[in-house]
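The sequence and the structure are shown first.

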Amino acid sequence: MEINKNVTWKPLGEKIVAVKVETGDYYTMNEVSSLIWRAINDGKAVEDICEQIVKEYDNDDKASIRQDVEEQISEWKQELLIL
């Protein structure tokens, strides 16, 4: 899993803004989505991303976190933001 080369992005504080170069479509991510995005950029696996969220947000609901992470990744794949 990696960020599409046709997507440019930059951090704005704790958030990320990503732009699809081909279309000009842009995406503003909330704090948790930005954490997921940065982790994907760093080459982390889904399990590692979930563990990072558990630690940073002191949330032990691992099943819900995993579902949310997988849904976010699926959405980004559909939008061709990540491959």
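Strands S1 and S2 pair in the antiparallel sense over 6 bridges; two strands count as paired if DSSP finds at least two bridges between them. The model is predicted: local features need pLDDT of at least 70, side-chain atom pairs count only at pLDDT 80 or more, and totals for chains, interfaces and linings use all residues. Residues are numbered from 1 along each chain as its sequence is written, and side-chain values use heavy atoms, with hydrogens and water left out. Helices (H or I, at least four residues) and strands (E, at least two) are DSSP runs, numbered from the N terminus.

Between S2 and S3, which also run antiparallel, there are 4 bridges.

A contact requires heavy atoms within 4.5 Å.

Lysine 10 stands opposite valine 17 in S2, and valine 19 stands opposite tyrosine 26 in S3. The hairpin of S2 and S3 has 5 residues between the strands, and glycine 24 there takes a positive phi near 80 degrees.

Buried means under 20% relative accessible area, exposed over 50%, and partly exposed in between (1.4 Å probe, protein chains only). Tyrosine 27 counts as buried at 18% relative accessibility. Leaving aside residues up to four places away in sequence, tyrosine 27 touches Ile16, Val17, Ala18, Lys20, Glu79 and Leu81. The C-alpha atoms of tyrosine 27 and tryptophan 76 are separated by 10 Å, although the two residues are 49 apart along the chain.

## Overall fold

The protein holds 3 helices and 3 strands, arranged along the sequence in the pattern β-β-β-α-α-α. Its radius of gyration is 13 Å, close to the 12 Å that the globule rule gives for 83 residues, so the protein is as compact as a globular protein of that length. This radius is taken over C-alpha atoms, and the globule rule is 2.2 Å times the number of residues to the power 0.38. The C-alpha trace spans about 40 × 25 × 20 Å along its principal axes.

Of the 83 residues, 34% count as buried. Among contacts between residues at least 6 apart in sequence, 40% join residues at least 24 apart.

## The nonpolar core

The largest nonpolar core has 22 residues, and those with the most contacts inside it are Ile36, Trp37, Ile40, Ile49, Val69 and Trp76. Such a core is a set of buried Ala, Val, Leu, Ile, Met, Phe, Trp, Tyr and Cys residues joined through side-chain atoms within 4.5 Å. The elements that give two or more residues to this core are strand S2 (15-20), strand S3 (26-29), helix H1 (31-41), helix H2 (46-57) and helix H3 (62-78).

Tryptophan 37 counts as buried at 0% relative accessibility. With residues up to four places away in sequence not counted, tryptophan 37 touches Ile3, Val7, Trp9, Ile16, Ala18, Met29, Trp76, Leu81 and Ile82.

## The aromatic cluster

The structure holds 2 aromatic pairs. Rings of Phe, Tyr and Trp (its six-membered ring) pair if their centres lie within 6.5 Å; planes under 30 degrees apart count as stacked, over 60 as edge-to-face and the rest as tilted. Tryptophan 9 and tryptophan 37 form an edge-to-face pair, at 6.2 Å centre to centre and 80 degrees between the planes. This pair links strand S1, which holds tryptophan 9, to helix H1, which holds tryptophan 37, across 28 residues. Tryptophan 9 is partly exposed, with a relative accessible area of 27%.

Tryptophan 37 and tryptophan 76 form an edge-to-face pair, at 5.1 Å centre to centre and 90 degrees between the planes. Tryptophan 37 lies in helix H1 and tryptophan 76 in helix H3, so the pair ties together parts that are 39 residues apart in sequence. Both tryptophan 37 and tryptophan 76 are buried. Trp9, Trp37 and Trp76 form one aromatic cluster.
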